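Subject: Structure handover and notes

Hello,

Please find the structure below. My notes on it follow directly after.

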Amino acid sequence: MISQRAKAGFDRMVMQGMRASLVKPGDVVTDLSAVPAWHQPPASHAVVLSVASLLFRMLVVVYFSDTPAVRRHFAGLSRQNAEDLSQQAFLDAVCEAGNLCCGSVNRDLGGLYAWVGMSTPHIVESHCTQHLGILKAGHLQHFQLQLDGEPPLHLTLCVSESEDLDFDFQLPAPTDQGVGELELF
């Protein structure tokens, strides 16, 4: 069983990862939330990544389609020009954004659990994700990220546990970081 506070912690980790990896500087986030009622997003494909430990297995699924708006968004995330992206470069940009999102969650989980490992991204057709329910996950949550003037991005989190999970993850307090000062040792 996954406790309610652990579910909330997983959700906070994922939303923090989405904000860090799927939002460019200057983008205005109009909505980043868990989606209470799930309908399969219109995306044609999904990037699937996993994080596993001795106690749980988690899937992070980022949905996408190869449309001009989505291509521009992921090109911008990877600091490339959308018109210059080959099909492989576009897929690489989507996979890298998913990898960064999942990596953020992996780092947070590494502070709570030992022996946490992350997979490489895999691209599947999005209709494959309709079967996530058969995994009998202890936590299945869908998220939507809406940026001003952009099509919404969708992500699914699926956590299956082998033992009870209970932890309290709070977002770290913002710190005042320098802007490139040189440290001397």
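H1 and H3 are oblique to each other, because that word covers the angles left over once those under 35 degrees are called roughly parallel, over 145 roughly antiparallel and 65 to 115 roughly perpendicular. The axes of H1 (residues 4-22) and H3 come within 8 Å and cross at roughly 140°; axes are lines fitted to C-alpha atoms, for helices over the stretch in contact, with angles running from 0 to 180 degrees between N-to-C directions. Helices (H or I, at least four residues) and strands (E, at least two) are DSSP runs, numbered from the N terminus.

This is a predicted model, in which local features need pLDDT of at least 70 and side-chain atom pairs count only at pLDDT 80 or more, while totals for chains, interfaces and linings use all residues. Residues are numbered from 1 along each chain as its sequence is written, and side-chain values use heavy atoms, with hydrogens and water left out.

On the H1 side, the residues that meet H3 include Phe 10, Met 13, Gln 16 and Leu 22. Among their partners in H3 are Ala 97, Leu 100, Val 105 and Asp 108. By class, this contact of H1 with H3 has 10 nonpolar, 4 polar and 1 charged residues (Ala, Val, Leu, Ile, Met, Phe, Trp, Tyr, Cys and Pro count as nonpolar, Asp, Glu, Lys and Arg as charged, and the others, Gly among them, as polar).

Asp 108 sits in helix H3 (residues 87-110). Asp 108 counts as buried because its relative accessibility is 18% (buried is under 20% relative accessible area, exposed over 50%, partly exposed in between, with a 1.4 Å probe and protein chains only). Not counting residues up to four places away in sequence, Asp 108 touches Met 13, Gln 16 and Phe 169, where contact means heavy atoms within 4.5 Å. The side chains of Asp 108 and Gln 16 are joined by a polar contact of 3.2 Å (a pair of N or O atoms within 3.5 Å; within protein, one must be able to donate a hydrogen and the other to accept it, and residues adjacent in sequence count only if both atoms are side-chain atoms).

Strand S6 (residues 139-147) holds Gln 141, and His 139 is also placed in S6. Gln 141 is buried at a relative accessible area of 16%, and His 139 is buried at 6%. A polar side-chain atom of Gln 141 lies 3.4 Å from the backbone oxygen of Val 35. Leaving aside neighbours within four places in sequence, the contacts of His 139 include Phe 10 and Asp 11.

Regards
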